[in-house]
Amino acid sequence: MATTVGGAPLRVFLLGQPRFEASGEPHKFASLPKALPLLAYLILHRRAPRPREAIAFTIWEDDTEEDARANLRRHLYHLQRALPPPPSPDVPWIVVEADSVQWNPASGAWTDVAEFERLAASERDRAAAVDVYGGDLLEGSY
C-alpha cells in the first residue's frame, strides 16, 4: 500500500497551474498535449460515467468520428501512464469500459476541484473554499 499524505495517494490540482502529488511528493505529469484537458474533463464530470463518443467529440470536435475515437483511445492509454500507479491494481484512477469512461470516485484520489465544490456548497466553509481555489481551471494551459 502506498504511503499517503493528507489521506490521499494522489492529489490533483487543476485550479491554477496544474500539478500532481503522489504519496506526498511532486509527480511529473508528462503526456500528450490533450491528456491534461481529458483528465480535467473526467474529473469535472466525475459523478457518472461519460459516453466515449461524448468525450471524443468534445475534446476533438474538429476531427472525424473515426479520428476522434482513435484520439480518445490513444490519450486514455497515455493518460493512465502519466499518472502514478494506483495503490491497488483493482482500483484504478480511471475506469475505462467499452462504452464509457469515468474518473474513479473509489480511487481515494483527492482533487482540488472536488474539494472546492464541497467547501463552496456550505456557507460556513466558503472561506476554506477560497483557500483551496488556486486560480482558473488549467491556468496557463492553452
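Trainee: Which strand does β2 pair with in the antiparallel sense, and over how many bridges?

Mentor: Strand β2 (residues 19–22) pairs antiparallel with β3, over two bridges. Pairing here means that DSSP finds at least two bridges between the strands. Strands (E, at least two residues) and helices (H or I, at least four) are DSSP runs, numbered from the N terminus. This is a predicted model: local features need pLDDT of at least 70, side-chain atom pairs count only at pLDDT 80 or more, and totals for chains, interfaces and linings use all residues. Residues are numbered from 1 along each chain as its sequence is written, and side-chain values use heavy atoms, with hydrogens and water left out.

Trainee: Which residue stands opposite Ala22?

Mentor: Glu25, in β3.

Trainee: What is the strand order in that four-strand sheet?

Mentor: The order is β3-β2-β1-β7. The sheet is open and its pairing is mixed. Its edge strands are β3 (25–26) and β7 (110–111), and each pairs on one side only.

Trainee: And the three-strand sheet, what order does that have?

Mentor: β4-β6-β5, open, with antiparallel pairing.

Trainee: Why is one side of β4 and of β5 left without a neighbour?

Mentor: β4 (50–51) and β5 (94–96) stand at the edges with a single partner strand each, so one side of each has no neighbour in the sheet.

Trainee: How many bridges join β5 and β6?

Mentor: Three, in the antiparallel sense, with β6 covering residues 100–103. Val96 has Val101 in β6 as its bridge partner.

Trainee: Which helix lies across β4, β5 and β6?

Mentor: α1, residues 35–44. Helix α1 runs at about 80° to β6. Axes are lines fitted to C-alpha atoms, for helices over the stretch in contact, and angles run from 0 to 180 degrees between N-to-C directions. Contact means heavy atoms within 4.5 Å.

Trainee: How many of the residues in α1 are buried?

Mentor: Nine of its 10. Among them are Leu36, Leu38, Leu39, Tyr41 and Ile43. Buried means under 20% relative accessible area, exposed over 50%, partly exposed in between (1.4 Å probe, protein chains only).

Trainee: Switching to charges. How many salt bridges are there in the whole structure?

Mentor: Six. The criterion is a side-chain nitrogen of Lys or Arg within 4 Å of a carboxyl oxygen of Asp or Glu.

Trainee: What does Arg11 meet in a salt bridge?

Mentor: Glu21, at 3.4 Å, N to O. Arg11 sits in β1 (residues 10–13) and Glu21 in β2, 10 residues apart, so the pair links distant parts of the chain. Arg11 is buried, at 19% relative accessible area. Arg11, Arg19 and Glu21 are linked in a network of salt bridges.

Trainee: Where do Arg46 and Glu117 lie?

Mentor: Arg46 is in the loop between α1 and β4, and Glu117 is in helix α4 (residues 112–120). They form a salt bridge, closest N and O atoms 2.4 Å apart. The pair therefore ties together parts 71 residues apart in sequence.

Trainee: Is Arg46 buried or exposed?

Mentor: Arg46 is buried, at 12% relative accessibility. Glu117 is partly exposed, at 30%.

Trainee: Which residue does Glu115 form a salt bridge with?

Mentor: Arg118, with the closest N and O atoms 2.8 Å apart. Both lie in α4, three residues apart, about one turn of the helix. An α-helix has 3.6 residues a turn, so residues three or four places apart point the same way. Glu115 counts as buried at 19%, while Arg118 is partly exposed at 48%.
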